[in-house]
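Hi,

Here's the structure I said I'd pass along. Have a look first, and my notes follow below.

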Amino acid sequence: KKRWPPTGRSLMVTVEFDRLAVKPGFKILDIGCGSGRHTCAAYQCRNVTAIGADLNFKDLTEAGERLKLHDRLSAHGGGIWGLSAADVTCLPFKNDEFDLVICSEVLEHIVEHQVAIEEIVRVLKPGCNLVISVPRYWPERICWALSQDYHSTPGGHVRIFKKSDLIADLENYGVEKWAVHFAHSLHTPFWWLKCLVGPNRNDSVPVNLYHRFLTWDIMKQPRATRFLENLLNPILGKSIVVYLRKE
């Protein structure tokens, strides 16, 4: 039987929810939710509706199982959750429907990323927050240089965002940046190593050992590695996370 960590805090969460002042009654959309890491984290907030949306049915199934396990094993704040099969370039939601929208590690996969941004902003209520994360420019550039397969695999990354270009693209659609940070510095060397040996290889001892370390770190979250990652994030962070507010 598959088992996952029962709480969002035990997953690799990129968004810092403490910044967002989530209130009871909020309706939160996690678009491109994958297996539900941010949907679970949002669901922990008190009395909210957390909606995960993705086009990948297998990922949605895993997200559903994770959320059900979360219901059984941990407090969920009295809220409700739901899942939707949805395309980020054509969202099946009304204008101004959500109090918070999260789109983490999605836009780098989308050919028509500006159409996706327009849709994401459309479903967000005025005055409310949007959080976008994508791979940071220079660590991602090294991955592309080390491996052609890393970015040419179907469903892989189709672009690399510079910070200024990403923020300009977002602000063109009526949102304004109010904070930026970097995340997951301990994951950056893992991806460089994986690209160096071949991203599709499963028999590399160094890669497998590093992956075991990252899994242990996510599950246990020891203070030493949390301190080290926070120290290294401004320099080595794998992801850039942008917080914006709809005008």
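**What I found**

At 7% relative accessibility, histidine 184 counts as buried (buried means under 20% relative accessible area, exposed over 50%, partly exposed in between, with a 1.4 Å probe and protein chains only). Bear in mind that this is a predicted model, where local features need pLDDT of at least 70 and side-chain atom pairs count only at pLDDT 80 or more, while totals for chains, interfaces and linings use all residues. Residues are numbered from 1 along each chain as its sequence is written, and side-chain values use heavy atoms, with hydrogens and water left out.

Back to histidine 184: its phi is near 65 degrees, a positive value in a residue other than glycine. You'll find histidine 184 in the loop between strand 6 (175–183) and helix 7 (helices, H or I of at least four residues, and strands, E of at least two, are DSSP runs numbered from the N terminus). Asparagine 47 isn't a glycine either, yet has a positive phi of about 55 degrees. It sits in the loop between helix 1 (37–43) and strand 2 (49–54), and with 39% relative accessibility asparagine 47 counts as partly exposed.

Next, the helix pair. Helix 4 (residues 137–146) packs with helix 7 (residues 187–197) at an angle of about 15 degrees, their axes 8 Å apart (axes are lines fitted to C-alpha atoms, for helices over the stretch in contact, and angles run from 0 to 180 degrees between N-to-C directions). That makes helix 4 roughly parallel to helix 7 (angles under 35 degrees count as roughly parallel, over 145 as roughly antiparallel, 65 to 115 as roughly perpendicular and the rest as oblique). Helix 4 brings Trp138, Pro139, Ile142, Cys143 and Leu146 to the contact, and helix 7 brings Thr188, Trp191, Trp192, Cys195 and Leu196 (contact means heavy atoms within 4.5 Å).

Then the core. In the largest nonpolar core, of 32 residues, Leu29, Leu107 and Ile132 touch the most other members (a nonpolar core is a set of buried Ala, Val, Leu, Ile, Met, Phe, Trp, Tyr and Cys residues joined through side-chain atoms within 4.5 Å). Strand 5 gives the most to this core, with five residues. Leaving aside neighbours within four places in sequence, leucine 107 is in contact with residues including His113, Ile117, Ile132 and Phe161.

Finally, helix 3 (residues 113–122) has His113, Ala116, Ile117, Glu119, Ile120 and Val121 as its buried residues. These pack against strand 1 (27–31), strand 4 (98–104), strand 5 (124–135), helix 6 (163–171), strand 6 and strand 7 (239–246).

Cheers
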